[in-house]
Amino acid sequence: MYDYHPENEDKDLRTVGLELMFMTPEKGSKEEGVTAVELAKMVELPLEVVKKKLQILKDAGIVQVKGINPKYWKFDNYSFQRMDENDEIYKLICCFDDVDFDKYFQY
């Protein structure tokens, strides 16, 4: 179980979660999702860190995985919207205080 505390929040987990949440076809993702390798390059984190964070998000039920080799990861908006607002991962991803939305959207 993931335990959220604002003073020691997992910025890498939030980065991976937000990148998946705002993933668009223009960013190079396929209909199936994005591979961990592609995602690691996008968020500029080591592959092993990204894989661990993807597993946490999958265990929370807000990320789906398809395929075996390669695995494609995709954010599950429906499951995320149905999460308990007191869930630690929900709180972490919904904390938009210092999020730069310009990197997710082009106006």
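This is a chat about how one protein model is put together.

Trainee: What am I looking at, and how are the residues numbered?

Mentor: This is a predicted model, where local features need pLDDT of at least 70, side-chain atom pairs count only at pLDDT 80 or more, and totals for chains, interfaces and linings use all residues. Residues are numbered from 1 along each chain as its sequence is written, and side-chain values use heavy atoms, with hydrogens and water left out.

Trainee: How many helices and strands are there?

Mentor: You'll find five helices and two strands. Helices (H or I, at least four residues) and strands (E, at least two) are DSSP runs, numbered from the N terminus. Going along the sequence, the pattern reads α-α-α-β-β-α-α.

Trainee: And how much of the protein is buried?

Mentor: Of its 107 residues, 40% count as buried. Buried means under 20% relative accessible area, exposed means over 50%, and partly exposed is in between (1.4 Å probe, protein chains only).

Trainee: What about H1, is it mostly covered or mostly open?

Mentor: Mostly covered: eight of the 11 residues in H1 are buried. Among them are Leu-13, Arg-14, Val-16 and Gly-17.

Trainee: What do the buried residues of H1 pack against?

Mentor: They pack against H2, H3, E1, E2, helix H4 (77-81) and helix H5 (88-94). Contact here means heavy atoms within 4.5 Å.

Trainee: Let's take H3. At what angle do H1 and H3 pack?

Mentor: Helix H1 (residues 11-21) and helix H3 (residues 47-59) meet at about 70°, and their axes are 9 Å apart. The axes are lines fitted to C-alpha atoms, for helices over the stretch in contact, and angles run from 0 to 180 degrees between N-to-C directions. H1 and H3 are therefore roughly perpendicular to each other. For the cut-offs, angles under 35 degrees count as roughly parallel, over 145 as roughly antiparallel, 65 to 115 as roughly perpendicular and the rest as oblique.

Trainee: Which residues make that contact between H1 and H3?

Mentor: From H1 it's Asp-12, Leu-13, Val-16, Gly-17 and Leu-20, and from H3 it's Val-49, Val-50, Lys-53, Leu-54, Ile-56 and Leu-57. Sorted by class, the contact of H1 with H3 has eight nonpolar, one polar and two charged residues. Ala, Val, Leu, Ile, Met, Phe, Trp, Tyr, Cys and Pro count as nonpolar, Asp, Glu, Lys and Arg as charged, and the others, Gly among them, as polar.

Trainee: And how do H1 and H2 pack?

Mentor: H1 and H2 pack at about 110°, with axes 10 Å apart. That makes H1 roughly perpendicular to H2. Thr-15, Val-16, Glu-19 and Leu-20 of H1 touch Leu-39, Met-42 and Val-43 of H2. By class, that contact has five nonpolar, one polar and one charged residues.

Trainee: New topic: how many salt bridges are there?

Mentor: The count comes to two salt bridges. A salt bridge is a side-chain nitrogen of Lys or Arg within 4 Å of a carboxyl oxygen of Asp or Glu. Asp-10 forms one with Lys-53, their closest N and O atoms being 2.7 Å apart. This pair links distant parts of the chain, with Asp-10 in the segment before H1 and Lys-53 in helix H3, 43 residues apart.

Trainee: Is Asp-10 buried or exposed? And Lys-53, buried or exposed?

Mentor: Asp-10 counts as buried because its relative accessibility is 16%. Lys-53 counts as buried too, at 13% relative accessibility.

Trainee: Which residue pairs with Lys-74?

Mentor: Lys-74 forms a salt bridge with Glu-31, the closest N and O atoms being 3.7 Å apart. Lys-74 sits in strand E2 (residues 72-75) and Glu-31 in the loop between H1 and helix H2 (36-43), 43 residues apart. Lys-74 is partly exposed at 29% relative accessibility, while Glu-31 is exposed at 64%.

Trainee: Where is the cis peptide bond?

Mentor: It joins Asn-69 and Pro-70, with omega about 5°. Pro-70 lies in the loop between strand E1 (63-66) and E2.

Trainee: Last one: what is the phi of Glu-44?

Mentor: Glu-44 has a positive phi of about 55°, although it is not a glycine. You'll find Glu-44 in the loop between H2 and H3, and it is exposed, with a relative accessible area of 70%.
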